[in-house]
Amino acid sequence: MTQFDFDAVVIGAGFAGLYALHKLRDEVGLHVRLFEKGSGVGGTWYWNRYPGAMSDTEAPFYRYSFDADLLAHDTWDRRYIPQADILAYLERAAKHLDLLRDIQLDTEVSALHWEERAGGWHVITSSGQYTARYVVTALGLLSAVNWPDIPGLGSFKGTLAHTARWPEELKLDGLRVGLIGTGSTGCQVVCAASRVAGHLTVFQRSPQYSVPAGNGPVSTEEVEGYRARWPEVWSQVRSSAVGFGFEESTVSAHSVSAEEREATFEAAWAQGNGFRFVFGTFCDVATDGAVNEHAADFVRRKIAHIVRDPDTARRLTPHGLFAKRPLCTDGYFDAFNRPNVSLVDLRESPIARVSEHGVVTEDGREHALDVLVLATGFDAVDGNYRRMDIRGRSGTLDAHWDTPSSYLGIGTAGFPNMLMVSGPHGPFANLVPAIEVQVEFITSLVADAEHRRRAGFDAVIEVPPECEERWTQHCHDLAAGTLYAEIDSWIFGANIPGKKHNILFYLGGLGKYGEHLRQEAEGGFSGFQHVLPKSLFNGTTVRVEEAEVQSVQA
Ligand code: FAD
Ligand code: NA7
């Protein structure tokens, strides 16, 4: 029997990788090594240290649910958690679960090669090569940085910083700051930077439907209230569609009067939170064009009311569908009333180039800057996979994924024993609970395979192509029923030049997704068949049914 350096290698030390290490090591009893290219744990929250960085999932629901000690002892005093506190939380969790001894930081995995004879993976890292039976890729779905291809970017003599690679020492106080990008990240930067920068110039390509977050203090009674009913809270989160801790609306906006509709949007605006505004108001904001337009029109009227300069208000006003990932930021539109903030509309005058001194737009203006901030987002979901050389049974993952596909967001055909967390076509939801259900499923799957293996049956886990095709088609069908499909955003990989517009998520909701996983587990993981490596079966790959397992064991 082949000896591996590790039973399992986990890649990535964010919420997903830390939990996977804990489950596989402490529950299944595997010898696990986690590789992380950063110099600390935390993933997203290690890298994204820009001013204003915080979750837009409310504090009670942006944490692990599985550990009673963490739930009992961690606290929060505002409705949303700032980046530094989420990072500190993950550092504490890693320590509490005694994970650090199996984590190798500053180690980038550059390649994964399937070794057919061994029935495992050859893992090539920046600090050595290893073998492992299983690989869990917890690479992050919003992690591969999108560096825009803007002429002259390298010639800028000031400080250039991407928000997802923010140098901690970089402060914006009193400086002339330029910001490219007005997504969720850019909006957070606008609010924080406008308070301290000497001048902030916002280069906007697409205006945003931003609603207030409703951040503010939270009483200890409220926190205690959650502590008293965690099981109920998590059960609601996991059975809901978006997993954000509120009940999604089941009411169609068509079934209420115009006054009621307006009052519902007004109440949601006052309460805050982007997901709540879209999914908590009416059940058809994301699926019905007329309802979506009512929601969009409501936000447009808010912009006109908040922004004092009519021309700035006009340029800040979006006109298309309200169908990107919902976002929320307190005081985003108000920031443009400040004398130290100006808006450059790139639809009127695109960026021509970056010069030594700043950004030059096509109208010939040079916007002089000390700091240029890129809030240009990520090559979402498959981005980090494509940055590695991953070779399966019969070719590269890059070639297999002309457009990304998977079974349940977890397995992909031809890449045995490679289990993805937040792979393509995983749930579009609050991510910590989504990650937890995936890691828990992977743990059961691996435990089941190990059980067979320890009984003398050395098979590998592999997704049959027909399961992958069926799930991928299901994800496409679900997406086609929403308005998200009609516009370009990272949900479809459409923010990256040259990347094909292709749904990257399962849009059926976290609750339904959990049901799919449960059915799969209850059905004995029939979509993750156990296949003998060629070395064990006369050079032929065969699927092994339960009866054959028993005869091999006998
Ligand atoms: P990550 O936290 O991205 O961790 C992946 C890790 O893998 C990284 O540390 C990376 O360095 C490492 N890695 C990748 N490739 C390699 C390699 N080849 N070798 C070694 N290491 C590698 N989601 C929400 O649900 N709610 C929110 O409010 C929310 N806010 C967000 C705010 C920001 C600014 C961003 C960027 C994302 C936000 N997200 C939010 C999404 C967030 O990414 C997830 O919630 C969650 O943190 C993802 O955890 P993860 O472990 O899957 O991935
Ligand atoms: P997003 O949502 O992808 O936003 C990126 C922004 O950057 C968006 O406004 C883009 O404009 C803009 N962009 C990207 N490239 C360019 C170039 N070349 N020139 C000008 N403007 C550009 O990323 P975020 O980081 O804000 O958010 C991603 C998720 O991470 C978010 O939902 C949270 O969950 C955390 P565009 O819209 O493409 O016209």
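This report describes the surroundings of two ligands in a predicted model.

## The shell around ligand 1

Ligand 1 is surrounded by 34 residues, and the closest of these are Glu36, Thr44, Asp56, Tyr62 and Leu431. When the residues of this shell are sorted by class, 17 are nonpolar, twelve are polar and five are charged. Three helices, H1 (15-27), H2 (44-47) and H15 (431-454), each supply at least two residues of the shell, and the largest share, three residues, comes from H2.

## The shell around ligand 2

Around ligand 2 there are 19 residues, with Thr182, Ser184, Thr185, Arg205 and Ser206 as the closest. By class, this shell consists of seven nonpolar, nine polar and three charged residues.

## Polar contacts and cover of ligand 2

In the side chain of Thr185, an N or O atom is 2.6 Å from an oxygen atom of ligand 2. Backbone atoms also lie beside oxygen atoms of this ligand, with an N or O atom of Thr182 at 2.9 Å and a polar atom of Ala375 at 3.3 Å. Of the 780 Å² of accessible area that ligand 2 has on its own, the protein covers 83%.

Methods:
Residues numbered from 1 in each chain as written. Chains lettered and ligands numbered in written order. Predicted model: local features only at pLDDT ≥ 70, side-chain atom pairs only at ≥ 80, totals over all residues. Heavy atoms only, no water. Near = heavy atom within 4 Å. Helix = DSSP H or I, 4+ residues; strand = E, 2+ residues; numbered from the N terminus. Nonpolar A, V, L, I, M, F, W, Y, C, P; charged D, E, K, R; others polar. Polar contact = N/O pair within 3.5 Å; in protein donor to acceptor, adjacent residues only side chain to side chain. Areas by Shrake-Rupley, 256 points an atom, 1.4 Å probe, with all protein chains shown as cover.
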